[in-house]
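Look at the model below and follow the text alongside it. The paragraphs treat helix packing and then a pocket.

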Amino acid sequence: MRAFVELFERLDATTSTNGKVEALADYFRTADAADAGWAVFFLSGRRLKRLIGAAELRQWIRARTGLPEWLFEESYGHVGDLAETAALLLAGEDDGELEIGLAALVEGRLLPLRGRDADLRREAIMTLWSTLPARQLFLFNKVITGALRVGVSQRLLVRGLAQASGIDEKVLAHRLMGTWEPDADFYARLVGEDDGDADLSRPYPFFLASPLEGPPDALGPVSDWIAEWKWDGIRAQLVRREGRCFVWSRGEELMLGRFPEIEAAATALPDGTVIDGEILAWADDGPLDFSLLQTRIGRKKPGPTTLARAPVTLMAYDLLEDGGEDIRQQALATRRARLAAHVAATPGLRLSDTVEAGDWETLAQAREAARGRGTEGLMLKRAASPYQLGRRRGDWWKWKVAPQTLNAILLCAQPGHGRRANLFTDYTFAVWDDDTLVPIAKAYSGLDNAEIDELDRWIRKHTRERFGPVRSVEPQQVFELAFEGIHPSPRHRSGVAVRFPRIARWRRDLGPADADRLDDLRKLIDA
(Lines give C-alpha, C1' and ligand atoms only; values in the text may rest on other atoms or scores of the structure.)
Protein backbone atom coordinates (compact mmCIF):
# COMPACT_ATOMS: atom_id res chain seq x y z
CA MET A 1 0.00 0.00 0.00
CA ARG A 2 2.84 2.38 0.82
CA ALA A 3 4.37 1.93 -2.64
CA PHE A 4 1.00 2.48 -4.34
CA VAL A 5 0.47 5.68 -2.35
CA GLU A 6 3.93 6.88 -3.38
CA LEU A 7 3.05 6.15 -7.01
CA PHE A 8 -0.20 8.11 -6.66
CA GLU A 9 1.67 11.07 -5.18
CA ARG A 10 4.25 11.03 -7.98
CA LEU A 11 1.53 10.91 -10.60
CA ASP A 12 -0.37 13.74 -8.93
CA ALA A 13 2.73 15.91 -8.57
CA THR A 14 3.60 16.16 -12.26
CA THR A 15 1.90 17.18 -15.48
CA SER A 16 4.73 15.73 -17.56
CA THR A 17 3.71 12.74 -19.64
CA ASN A 18 7.22 11.31 -19.50
CA GLY A 19 7.30 11.90 -15.75
CA LYS A 20 4.09 9.91 -15.29
CA VAL A 21 5.35 7.07 -17.48
CA GLU A 22 8.61 6.96 -15.53
CA ALA A 23 6.71 6.81 -12.23
CA LEU A 24 4.57 3.94 -13.51
CA ALA A 25 7.59 2.04 -14.82
CA ASP A 26 9.47 2.47 -11.54
CA TYR A 27 6.52 1.07 -9.61
CA PHE A 28 5.97 -1.96 -11.84
CA ARG A 29 9.68 -2.85 -11.91
CA THR A 30 9.69 -3.50 -8.16
CA ALA A 31 6.08 -4.24 -7.19
CA ASP A 32 5.01 -7.67 -6.01
CA ALA A 33 2.97 -9.40 -8.75
CA ALA A 34 -0.18 -9.56 -6.61
CA ASP A 35 0.07 -5.86 -5.72
CA ALA A 36 0.84 -4.98 -9.34
CA GLY A 37 -2.29 -6.82 -10.50
CA TRP A 38 -4.50 -4.68 -8.27
CA ALA A 39 -2.57 -1.55 -9.24
CA VAL A 40 -3.35 -2.26 -12.90
CA PHE A 41 -6.99 -2.78 -11.90
CA PHE A 42 -7.28 0.66 -10.32
CA LEU A 43 -5.03 2.48 -12.78
CA SER A 44 -7.07 1.20 -15.74
CA GLY A 45 -10.19 2.84 -14.32
CA ARG A 46 -11.83 -0.25 -12.86
CA ARG A 47 -13.46 0.07 -9.45
CA LEU A 48 -14.51 -2.17 -6.63
CA LYS A 49 -18.22 -2.45 -6.11
CA ARG A 50 -18.93 -0.13 -3.19
CA LEU A 51 -18.23 -1.86 0.12
CA ILE A 52 -19.45 0.86 2.47
CA GLY A 53 -22.47 3.10 1.94
CA ALA A 54 -22.00 6.87 2.15
CA ALA A 55 -24.49 7.23 5.02
CA GLU A 56 -22.71 4.53 7.05
CA LEU A 57 -19.32 6.06 6.41
CA ARG A 58 -20.50 9.49 7.54
CA GLN A 59 -21.83 8.02 10.78
CA TRP A 60 -18.58 6.14 11.44
CA ILE A 61 -16.43 9.22 10.78
CA ARG A 62 -18.51 11.29 13.20
CA ALA A 63 -18.29 8.52 15.81
CA ARG A 64 -14.53 8.25 15.32
CA THR A 65 -13.83 11.99 15.50
CA GLY A 66 -16.54 12.98 17.96
CA LEU A 67 -17.65 15.85 15.72
CA PRO A 68 -21.26 17.06 15.92
CA GLU A 69 -23.26 16.46 12.77
CA TRP A 70 -23.44 20.15 11.81
CA LEU A 71 -19.66 20.57 11.96
CA PHE A 72 -19.02 17.40 9.96
CA GLU A 73 -21.53 18.45 7.29
CA GLU A 74 -19.95 21.91 7.15
CA SER A 75 -16.53 20.29 6.64
CA TYR A 76 -17.91 17.92 4.03
CA GLY A 77 -19.63 20.78 2.18
CA HIS A 78 -16.38 22.74 2.08
CA VAL A 79 -14.22 19.83 0.89
CA GLY A 80 -16.82 18.33 -1.44
CA ASP A 81 -15.44 14.78 -1.38
CA LEU A 82 -16.35 12.27 1.33
CA ALA A 83 -13.14 10.23 1.14
CA GLU A 84 -10.97 13.34 1.31
CA THR A 85 -13.06 14.76 4.17
CA ALA A 86 -12.53 11.54 6.12
CA ALA A 87 -8.79 11.54 5.44
CA LEU A 88 -8.41 15.15 6.62
CA LEU A 89 -10.41 14.59 9.80
CA LEU A 90 -8.74 11.29 10.67
CA ALA A 91 -5.21 12.44 9.89
CA GLY A 92 -5.05 14.32 13.16
CA GLU A 93 -4.96 11.07 15.13
CA ASP A 94 -1.79 9.14 15.96
CA ASP A 95 -0.12 7.94 12.77
CA GLY A 96 -0.56 4.18 12.36
CA GLU A 97 2.29 1.86 11.47
CA LEU A 98 0.51 -0.96 9.64
CA GLU A 99 2.61 -2.24 6.73
CA ILE A 100 0.37 -4.13 4.33
CA GLY A 101 0.48 -4.75 0.62
CA LEU A 102 -2.22 -3.48 -1.73
CA ALA A 103 -3.37 -7.02 -2.58
CA ALA A 104 -3.40 -8.11 1.07
CA LEU A 105 -5.45 -5.06 2.00
CA VAL A 106 -8.04 -5.53 -0.74
CA GLU A 107 -8.27 -9.33 -0.75
CA GLY A 108 -7.60 -10.04 2.91
CA ARG A 109 -9.24 -7.10 4.69
CA LEU A 110 -11.82 -5.49 2.41
CA LEU A 111 -13.44 -8.01 0.06
CA PRO A 112 -14.38 -10.36 2.95
CA LEU A 113 -16.51 -7.51 4.39
CA ARG A 114 -18.96 -7.59 1.49
CA GLY A 115 -22.33 -8.79 2.72
CA ARG A 116 -21.30 -8.88 6.40
CA ASP A 117 -23.31 -7.16 9.13
CA ALA A 118 -22.77 -3.48 9.85
CA ASP A 119 -21.12 -3.93 13.26
CA LEU A 120 -18.42 -6.20 11.86
CA ARG A 121 -17.74 -3.87 8.93
CA ARG A 122 -17.65 -0.85 11.24
CA GLU A 123 -15.14 -2.51 13.56
CA ALA A 124 -12.91 -3.58 10.65
CA ILE A 125 -12.86 -0.11 9.07
CA MET A 126 -12.27 1.59 12.41
CA THR A 127 -9.30 -0.71 13.04
CA LEU A 128 -7.79 0.09 9.66
CA TRP A 129 -8.30 3.83 10.20
CA SER A 130 -6.31 3.62 13.43
CA THR A 131 -3.51 1.43 12.10
CA LEU A 132 -2.88 2.71 8.56
CA PRO A 133 -0.33 5.52 8.16
CA ALA A 134 -1.92 8.94 7.63
CA ARG A 135 -0.55 9.22 4.06
CA GLN A 136 -2.54 6.13 3.09
CA LEU A 137 -5.93 7.18 4.47
CA PHE A 138 -7.09 9.13 1.41
CA LEU A 139 -6.54 6.30 -1.08
CA PHE A 140 -7.89 3.76 1.41
CA ASN A 141 -11.13 5.74 1.76
CA LYS A 142 -11.39 6.06 -2.01
CA VAL A 143 -11.08 2.28 -2.34
CA ILE A 144 -13.80 1.46 0.21
CA THR A 145 -16.23 3.93 -1.35
CA GLY A 146 -15.57 2.60 -4.87
CA ALA A 147 -14.56 6.09 -6.00
CA LEU A 148 -10.83 5.71 -6.64
CA ARG A 149 -9.86 7.61 -9.77
CA VAL A 150 -6.13 7.87 -10.25
CA GLY A 151 -6.18 10.08 -13.33
CA VAL A 152 -3.99 7.99 -15.64
CA SER A 153 -5.07 7.25 -19.19
CA GLN A 154 -4.98 3.71 -20.53
CA ARG A 155 -2.31 4.82 -22.97
CA LEU A 156 0.01 6.06 -20.19
CA LEU A 157 -0.57 2.88 -18.20
CA VAL A 158 0.38 0.76 -21.21
CA ARG A 159 3.50 2.86 -21.82
CA GLY A 160 4.59 2.45 -18.19
CA LEU A 161 4.02 -1.31 -18.29
CA ALA A 162 5.88 -1.58 -21.60
CA GLN A 163 8.85 0.35 -20.23
CA ALA A 164 8.98 -1.85 -17.12
CA SER A 165 8.46 -5.21 -18.85
CA GLY A 166 9.84 -4.83 -22.37
CA ILE A 167 6.56 -6.15 -23.84
CA ASP A 168 5.23 -4.36 -26.93
CA GLU A 169 2.58 -1.72 -26.21
CA LYS A 170 0.10 -3.20 -28.70
CA VAL A 171 0.37 -6.62 -27.04
CA LEU A 172 -0.16 -5.15 -23.56
CA ALA A 173 -3.13 -3.04 -24.68
CA HIS A 174 -4.79 -6.10 -26.20
CA ARG A 175 -4.19 -8.20 -23.07
CA LEU A 176 -5.83 -5.52 -20.92
CA MET A 177 -9.07 -5.72 -22.89
CA GLY A 178 -11.96 -7.88 -21.77
CA THR A 179 -12.54 -9.45 -18.37
CA TRP A 180 -9.79 -10.53 -15.99
CA GLU A 181 -9.17 -11.01 -12.28
CA PRO A 182 -6.46 -8.72 -10.82
CA ASP A 183 -4.32 -11.40 -9.19
CA ALA A 184 -0.68 -12.41 -9.39
CA ASP A 185 -1.36 -14.94 -12.18
CA PHE A 186 -3.06 -12.27 -14.28
CA TYR A 187 -0.13 -9.90 -13.89
CA ALA A 188 2.35 -12.63 -14.77
CA ARG A 189 0.42 -13.33 -17.99
CA LEU A 190 0.10 -9.62 -18.72
CA VAL A 191 3.86 -8.98 -18.74
CA GLY A 192 4.98 -12.47 -19.76
CA GLU A 193 5.77 -14.01 -23.10
CA ASP A 194 2.80 -15.08 -25.26
CA ASP A 195 1.70 -18.57 -24.25
CA GLY A 196 -1.08 -18.76 -26.85
CA ASP A 197 -3.73 -18.83 -24.12
CA ALA A 198 -5.60 -15.70 -25.23
CA ASP A 199 -9.09 -15.05 -23.91
CA LEU A 200 -11.54 -16.39 -26.47
CA SER A 201 -13.81 -13.35 -26.21
CA ARG A 202 -11.10 -10.67 -25.99
CA PRO A 203 -11.69 -7.61 -28.21
CA TYR A 204 -9.03 -5.24 -29.50
CA PRO A 205 -8.29 -1.75 -28.09
CA PHE A 206 -10.47 0.76 -29.89
CA PHE A 207 -9.02 3.34 -32.26
CA LEU A 208 -10.57 6.76 -31.57
CA ALA A 209 -10.93 9.72 -33.90
CA SER A 210 -9.96 13.29 -33.04
CA PRO A 211 -12.18 16.31 -33.71
CA LEU A 212 -11.31 18.18 -36.89
CA GLU A 213 -10.96 21.83 -35.92
CA GLY A 214 -9.21 23.33 -38.95
CA PRO A 215 -10.13 23.40 -42.66
CA PRO A 216 -10.28 19.89 -44.18
CA ASP A 217 -8.22 20.84 -47.24
CA ALA A 218 -5.20 21.02 -44.90
CA LEU A 219 -5.39 17.20 -44.83
CA GLY A 220 -4.18 16.99 -48.43
CA PRO A 221 -5.93 15.53 -51.48
CA VAL A 222 -9.48 14.35 -50.79
CA SER A 223 -8.63 11.19 -52.76
CA ASP A 224 -6.37 10.08 -49.89
CA TRP A 225 -9.35 9.84 -47.56
CA ILE A 226 -12.42 7.67 -47.03
CA ALA A 227 -15.46 9.63 -45.82
CA GLU A 228 -18.30 7.94 -43.92
CA TRP A 229 -21.31 9.22 -42.02
CA LYS A 230 -20.73 9.69 -38.30
CA TRP A 231 -23.43 7.64 -36.63
CA ASP A 232 -24.83 8.33 -33.16
CA GLY A 233 -24.97 4.96 -31.42
CA ILE A 234 -22.97 2.62 -29.21
CA ARG A 235 -19.43 1.91 -30.39
CA ALA A 236 -18.92 -1.87 -30.30
CA GLN A 237 -16.81 -4.77 -31.45
CA LEU A 238 -18.41 -7.98 -32.64
CA VAL A 239 -16.17 -11.00 -31.96
CA ARG A 240 -16.78 -14.38 -33.60
CA ARG A 241 -14.44 -17.15 -32.44
CA GLU A 242 -14.79 -20.95 -32.07
CA GLY A 243 -18.49 -20.90 -32.84
CA ARG A 244 -19.34 -18.24 -30.26
CA CYS A 245 -20.27 -14.55 -30.55
CA PHE A 246 -19.36 -11.73 -28.18
CA VAL A 247 -20.41 -8.06 -28.30
CA TRP A 248 -18.17 -5.57 -26.48
CA SER A 249 -18.79 -1.89 -25.81
CA ARG A 250 -16.05 0.72 -26.04
CA GLY A 251 -16.16 0.80 -22.23
CA GLU A 252 -15.06 -2.87 -22.24
CA GLU A 253 -18.45 -4.12 -21.11
CA LEU A 254 -19.45 -7.54 -22.43
CA MET A 255 -23.04 -7.08 -23.66
CA LEU A 256 -24.09 -10.69 -24.09
CA GLY A 257 -27.84 -11.11 -24.50
CA ARG A 258 -28.61 -7.40 -24.84
CA PHE A 259 -28.62 -7.38 -28.65
CA PRO A 260 -29.74 -10.90 -29.66
CA GLU A 261 -30.45 -9.88 -33.26
CA ILE A 262 -26.78 -8.89 -33.73
CA GLU A 263 -25.56 -12.13 -32.10
CA ALA A 264 -27.91 -14.11 -34.35
CA ALA A 265 -26.61 -12.33 -37.47
CA ALA A 266 -23.03 -13.01 -36.39
CA THR A 267 -23.53 -16.77 -36.56
CA ALA A 268 -23.14 -16.44 -40.34
CA LEU A 269 -19.63 -15.01 -39.94
CA PRO A 270 -16.63 -17.33 -40.17
CA ASP A 271 -14.65 -18.04 -37.00
CA GLY A 272 -11.80 -15.66 -36.34
CA THR A 273 -13.71 -12.51 -37.32
CA VAL A 274 -13.70 -9.26 -35.34
CA ILE A 275 -15.71 -6.29 -36.64
CA ASP A 276 -15.64 -2.72 -35.34
CA GLY A 277 -18.82 -0.71 -35.74
CA GLU A 278 -21.73 1.13 -34.20
CA ILE A 279 -24.89 -0.34 -32.71
CA LEU A 280 -27.85 1.75 -33.88
CA ALA A 281 -31.58 1.72 -33.32
CA TRP A 282 -32.69 1.14 -36.92
CA ALA A 283 -35.89 0.60 -38.90
CA ASP A 284 -37.19 1.26 -42.42
CA ASP A 285 -33.66 1.74 -43.76
CA GLY A 286 -32.83 4.59 -41.40
CA PRO A 287 -31.67 5.35 -37.85
CA LEU A 288 -34.12 5.85 -35.01
CA ASP A 289 -33.71 8.28 -32.14
CA PHE A 290 -30.92 7.49 -29.69
CA SER A 291 -33.44 7.51 -26.84
CA LEU A 292 -34.87 4.24 -28.19
CA LEU A 293 -31.41 2.69 -28.10
CA GLN A 294 -31.13 3.74 -24.45
CA THR A 295 -34.08 1.48 -23.61
CA ARG A 296 -31.95 -1.46 -24.74
CA ILE A 297 -28.70 -0.58 -22.94
CA GLY A 298 -29.77 -1.53 -19.43
CA ARG A 299 -31.72 -4.67 -20.34
CA LYS A 300 -29.65 -7.83 -20.22
CA LYS A 301 -32.48 -9.90 -21.72
CA PRO A 302 -34.88 -7.64 -23.62
CA GLY A 303 -38.38 -9.03 -24.10
CA PRO A 304 -40.43 -9.18 -27.33
CA THR A 305 -42.01 -5.77 -26.71
CA THR A 306 -38.66 -4.06 -26.28
CA LEU A 307 -37.19 -5.83 -29.32
CA ALA A 308 -40.12 -4.73 -31.47
CA ARG A 309 -40.14 -1.13 -30.22
CA ALA A 310 -36.38 -0.59 -30.53
CA PRO A 311 -34.89 -2.82 -33.26
CA VAL A 312 -31.13 -2.55 -33.70
CA THR A 313 -28.42 -3.24 -36.24
CA LEU A 314 -24.62 -3.16 -36.28
CA MET A 315 -23.25 -0.59 -38.71
CA ALA A 316 -19.89 -2.17 -39.59
CA TYR A 317 -16.99 0.05 -40.63
CA ASP A 318 -13.79 -1.86 -39.95
CA LEU A 319 -12.39 -5.38 -39.88
CA LEU A 320 -9.74 -6.08 -37.25
CA GLU A 321 -9.36 -9.86 -37.42
CA ASP A 322 -10.01 -12.12 -40.40
CA GLY A 323 -9.60 -15.87 -40.39
CA GLY A 324 -8.01 -15.60 -36.95
CA GLU A 325 -5.34 -13.20 -38.28
CA ASP A 326 -4.82 -9.78 -36.72
CA ILE A 327 -5.02 -7.48 -39.76
CA ARG A 328 -4.96 -4.11 -37.98
CA GLN A 329 -1.66 -3.12 -39.63
CA GLN A 330 -3.11 -3.49 -43.13
CA ALA A 331 -4.36 -0.34 -44.88
CA LEU A 332 -7.93 0.70 -44.11
CA ALA A 333 -8.85 0.41 -47.79
CA THR A 334 -7.76 -3.24 -47.73
CA ARG A 335 -9.52 -3.98 -44.45
CA ARG A 336 -12.70 -2.34 -45.69
CA ALA A 337 -12.73 -4.41 -48.89
CA ARG A 338 -12.46 -7.61 -46.84
CA LEU A 339 -15.15 -6.30 -44.48
CA ALA A 340 -17.53 -5.63 -47.38
CA ALA A 341 -17.29 -9.27 -48.46
CA HIS A 342 -18.20 -10.48 -44.96
CA VAL A 343 -21.14 -8.09 -44.57
CA ALA A 344 -22.52 -8.99 -48.00
CA ALA A 345 -22.66 -12.63 -46.89
CA THR A 346 -24.16 -11.84 -43.47
CA PRO A 347 -27.82 -10.76 -43.44
CA GLY A 348 -28.54 -8.54 -40.45
CA LEU A 349 -25.33 -6.51 -40.58
CA ARG A 350 -24.86 -3.26 -42.51
CA LEU A 351 -21.78 -1.76 -44.12
CA SER A 352 -21.25 1.92 -43.37
CA ASP A 353 -21.72 3.85 -46.61
CA THR A 354 -18.90 5.94 -47.98
CA VAL A 355 -19.60 9.51 -49.07
CA GLU A 356 -18.08 10.09 -52.48
CA ALA A 357 -16.78 13.54 -53.45
CA GLY A 358 -14.23 14.87 -55.92
CA ASP A 359 -13.18 17.78 -53.74
CA TRP A 360 -13.45 19.12 -50.21
CA GLU A 361 -16.11 21.67 -51.12
CA THR A 362 -18.46 18.95 -52.35
CA LEU A 363 -17.78 16.91 -49.22
CA ALA A 364 -18.53 19.97 -47.05
CA GLN A 365 -21.90 20.31 -48.78
CA ALA A 366 -22.67 16.67 -48.01
CA ARG A 367 -21.71 17.24 -44.38
CA GLU A 368 -24.28 20.03 -44.05
CA ALA A 369 -27.01 17.49 -44.83
CA ALA A 370 -25.86 15.15 -42.05
CA ARG A 371 -28.42 16.09 -39.40
CA GLY A 372 -31.26 15.46 -41.86
CA ARG A 373 -29.94 11.92 -42.31
CA GLY A 374 -29.86 11.30 -38.57
CA THR A 375 -26.06 11.53 -38.33
CA GLU A 376 -23.66 13.89 -36.56
CA GLY A 377 -21.47 14.75 -39.54
CA LEU A 378 -18.69 12.88 -41.30
CA MET A 379 -15.80 10.61 -40.36
CA LEU A 380 -12.61 11.18 -42.37
CA LYS A 381 -10.22 8.21 -42.41
CA ARG A 382 -6.95 8.02 -44.28
CA ALA A 383 -7.27 5.18 -46.79
CA ALA A 384 -3.74 3.94 -46.06
CA SER A 385 -4.09 4.08 -42.26
CA PRO A 386 -3.57 1.10 -39.94
CA TYR A 387 -5.95 0.53 -37.01
CA GLN A 388 -4.11 2.15 -34.11
CA LEU A 389 -4.49 2.32 -30.33
CA GLY A 390 -6.51 4.98 -28.56
CA ARG A 391 -6.73 8.54 -29.82
CA ARG A 392 -3.77 8.95 -32.20
CA ARG A 393 -4.11 12.16 -34.18
CA GLY A 394 -3.58 12.27 -37.91
CA ASP A 395 -5.38 9.34 -39.53
CA TRP A 396 -8.97 9.43 -38.22
CA TRP A 397 -10.96 12.65 -37.81
CA LYS A 398 -14.55 13.36 -36.84
CA TRP A 399 -15.89 16.30 -38.83
CA LYS A 400 -19.11 17.05 -37.03
CA VAL A 401 -21.79 19.56 -37.93
CA ALA A 402 -22.08 22.57 -35.67
CA PRO A 403 -23.80 21.64 -32.40
CA GLN A 404 -27.21 22.91 -31.41
CA THR A 405 -27.27 25.48 -28.62
CA LEU A 406 -29.55 26.82 -25.90
CA ASN A 407 -29.34 29.54 -23.27
CA ALA A 408 -29.94 28.27 -19.74
CA ILE A 409 -29.77 29.57 -16.18
CA LEU A 410 -27.37 28.19 -13.58
CA LEU A 411 -29.57 26.54 -10.92
CA CYS A 412 -27.28 24.36 -8.77
CA ALA A 413 -23.59 23.54 -8.37
CA GLN A 414 -21.48 21.00 -6.57
CA PRO A 415 -17.75 20.42 -6.17
CA GLY A 416 -15.70 18.53 -8.70
CA HIS A 417 -13.22 15.73 -8.09
CA GLY A 418 -9.48 15.41 -7.60
CA ARG A 419 -7.76 18.77 -7.91
CA ARG A 420 -11.14 20.46 -8.32
CA ALA A 421 -12.63 18.98 -5.15
CA ASN A 422 -12.51 22.42 -3.49
CA LEU A 423 -14.15 24.24 -6.41
CA PHE A 424 -17.74 24.24 -7.64
CA THR A 425 -17.32 22.87 -11.16
CA ASP A 426 -20.33 20.57 -11.71
CA TYR A 427 -23.33 22.65 -12.74
CA THR A 428 -27.06 22.11 -13.23
CA PHE A 429 -28.86 24.37 -15.71
CA ALA A 430 -32.54 25.18 -16.20
CA VAL A 431 -34.90 26.81 -18.70
CA TRP A 432 -38.28 28.46 -18.22
CA ASP A 433 -41.55 26.51 -18.25
CA ASP A 434 -44.06 29.36 -17.99
CA ASP A 435 -42.84 31.10 -14.82
CA THR A 436 -41.01 28.08 -13.36
CA LEU A 437 -37.40 27.02 -13.88
CA VAL A 438 -37.02 23.32 -14.73
CA PRO A 439 -33.64 21.53 -14.90
CA ILE A 440 -32.61 20.70 -18.45
CA ALA A 441 -28.96 19.59 -18.33
CA LYS A 442 -25.84 19.08 -16.26
CA ALA A 443 -22.44 20.16 -17.53
CA TYR A 444 -18.94 20.49 -16.12
CA SER A 445 -16.73 21.42 -19.07
CA GLY A 446 -16.24 24.49 -21.21
CA LEU A 447 -15.01 27.17 -18.81
CA ASP A 448 -11.36 28.14 -18.47
CA ASN A 449 -9.60 28.23 -15.09
CA ALA A 450 -10.14 31.96 -14.56
CA GLU A 451 -13.87 31.60 -15.26
CA ILE A 452 -14.13 28.60 -12.93
CA ASP A 453 -12.49 30.58 -10.10
CA GLU A 454 -14.73 33.58 -10.72
CA LEU A 455 -17.89 31.48 -10.85
CA ASP A 456 -16.87 29.55 -7.74
CA ARG A 457 -16.60 32.83 -5.79
CA TRP A 458 -19.96 33.95 -7.12
CA ILE A 459 -21.64 30.65 -6.14
CA ARG A 460 -20.37 30.90 -2.57
CA LYS A 461 -21.71 34.45 -2.23
CA HIS A 462 -25.10 33.72 -3.82
CA THR A 463 -26.02 30.34 -2.31
CA ARG A 464 -29.72 29.99 -1.45
CA GLU A 465 -29.87 26.45 -0.01
CA ARG A 466 -27.50 23.57 0.70
CA PHE A 467 -28.18 19.89 0.14
CA GLY A 468 -25.03 18.13 1.33
CA PRO A 469 -22.32 19.19 -1.16
CA VAL A 470 -24.91 20.64 -3.58
CA ARG A 471 -25.82 24.32 -3.46
CA SER A 472 -28.76 25.99 -5.15
CA VAL A 473 -27.94 29.52 -6.23
CA GLU A 474 -29.78 32.69 -7.12
CA PRO A 475 -31.03 32.27 -10.73
CA GLN A 476 -29.05 35.08 -12.32
CA GLN A 477 -26.23 33.65 -14.44
CA VAL A 478 -26.99 32.62 -18.04
CA PHE A 479 -24.80 30.22 -20.04
CA GLU A 480 -24.92 29.06 -23.62
CA LEU A 481 -24.88 25.26 -23.74
CA ALA A 482 -23.93 23.26 -26.81
CA PHE A 483 -25.41 19.81 -27.36
CA GLU A 484 -25.60 17.13 -30.06
CA GLY A 485 -29.27 16.21 -30.04
CA ILE A 486 -32.54 16.41 -28.16
CA HIS A 487 -35.24 13.83 -27.57
CA PRO A 488 -38.28 13.17 -25.35
CA SER A 489 -37.46 11.64 -21.97
CA PRO A 490 -40.05 10.62 -19.36
CA ARG A 491 -37.18 10.14 -16.89
CA HIS A 492 -36.50 13.89 -16.79
CA ARG A 493 -38.74 16.41 -15.07
CA SER A 494 -38.61 18.63 -18.14
CA GLY A 495 -39.75 15.77 -20.37
CA VAL A 496 -36.75 16.24 -22.68
CA ALA A 497 -33.07 15.30 -22.59
CA VAL A 498 -30.11 16.73 -24.51
CA ARG A 499 -27.12 14.70 -25.68
CA PHE A 500 -23.56 15.60 -24.60
CA PRO A 501 -24.27 19.04 -23.08
CA ARG A 502 -21.28 21.28 -22.41
CA ILE A 503 -20.76 24.96 -21.72
CA ALA A 504 -20.10 26.99 -24.87
CA ARG A 505 -19.76 30.39 -23.18
CA TRP A 506 -20.81 32.48 -20.22
CA ARG A 507 -23.52 34.84 -21.49
CA ARG A 508 -22.78 37.88 -19.33
CA ASP A 509 -24.77 39.95 -21.85
CA LEU A 510 -28.03 38.15 -21.03
CA GLY A 511 -30.31 38.30 -18.04
CA PRO A 512 -32.49 35.51 -16.61
CA ALA A 513 -35.49 36.59 -18.68
CA ASP A 514 -33.45 35.99 -21.86
CA ALA A 515 -32.99 32.26 -21.17
CA ASP A 516 -34.74 29.79 -23.47
CA ARG A 517 -38.17 28.34 -22.80
CA LEU A 518 -39.09 24.68 -22.64
CA ASP A 519 -41.64 25.02 -25.43
CA ASP A 520 -38.91 26.21 -27.79
CA LEU A 521 -36.78 23.16 -26.98
CA ARG A 522 -39.71 20.81 -27.58
CA LYS A 523 -40.02 22.24 -31.08
CA LEU A 524 -36.42 21.19 -31.82
CA ILE A 525 -37.40 17.53 -31.35
CA ASP A 526 -39.57 17.60 -34.47
CA ALA A 527 -37.37 20.02 -36.41
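This is a predicted model: local features need pLDDT of at least 70, side-chain atom pairs count only at pLDDT 80 or more; totals for chains, interfaces and linings use all residues.

Two packed helices are described by the angle between their axes and the distance between the axes. Start with helix 2, residues 17-30, and helix 10, residues 154-165. Their axes lie 8 Å apart, and the angle of packing is about 50°. Angles under 35 degrees count as roughly parallel and those of 65 to 115 as roughly perpendicular, and helix 2 and helix 10 are therefore oblique to each other. Their crossing is right-handed. On the side of helix 2, the residues in contact include Val21, Leu24, Ala25 and Phe28; on the side of helix 10, they include Leu156, Leu157, Leu161 and Ala164. Sorted by class, the contact of helix 2 with helix 10 has eight nonpolar, four polar and four charged residues.

The second pair is helix 4, residues 54-65, and helix 8, residues 118-131. These two pack at an angle of about 55°, and their axes are 11 Å apart. Helix 4 and helix 8 are therefore also described as oblique to each other. Helix 4 passes helix 8 in a right-handed crossing. Among the residues that meet are Leu57, Trp60 and Ile61 in helix 4, and Ile125, Met126 and Trp129 in helix 8. The contact of helix 4 with helix 8 has eight nonpolar residues, one polar residue and four charged residues.

Helix 5 makes the contact with Phe72, Ser75, Tyr76 and Val79, while helix 6 uses Leu82, Glu84, Thr85, Leu88 and Leu89. By class, the contact of helix 5 with helix 6 holds six nonpolar residues, two polar and one charged.

Now turn to the largest pocket, which holds about 900 Å³ of space. It is lined by 35 residues, of which Lys230, Arg250, Glu376, Lys398 and Lys400 are the closest to its centre. Which elements give two or more residues to this lining? They are strand 2 (225-229), strand 3 (234-241), helix 14 (290-297), strand 10 (377-382) and strand 11 (396-400). Strand 11 provides the largest share of the lining, four residues. By class, the lining of the largest pocket has 17 nonpolar, two polar and 16 charged residues.

Definitions and conventions:
Residues are numbered from 1 along each chain as its sequence is written. Side-chain values use heavy atoms; hydrogens and water are left out. On a 1 Å grid over the protein atoms alone, a cavity is a set of points where a 1.4 Å probe fits but cannot get out, and a pocket is an open set with protein on both sides within 12 Å along at least five of seven lines; lining residues have an atom within 4 Å of a point. Grid points are joined across faces, edges and corners, and a volume is the space filled by probe spheres set on the points. Ala, Val, Leu, Ile, Met, Phe, Trp, Tyr, Cys and Pro count as nonpolar, Asp, Glu, Lys and Arg as charged, and the others, Gly among them, as polar. Axes are lines fitted to C-alpha atoms, for helices over the stretch in contact, and angles run from 0 to 180 degrees between N-to-C directions. Angles under 35 degrees count as roughly parallel, over 145 as roughly antiparallel, 65 to 115 as roughly perpendicular and the rest as oblique. A crossing is left-handed if the near helix is turned anticlockwise from the far one by less than a right angle, and right-handed if clockwise. Contact means heavy atoms within 4.5 Å.
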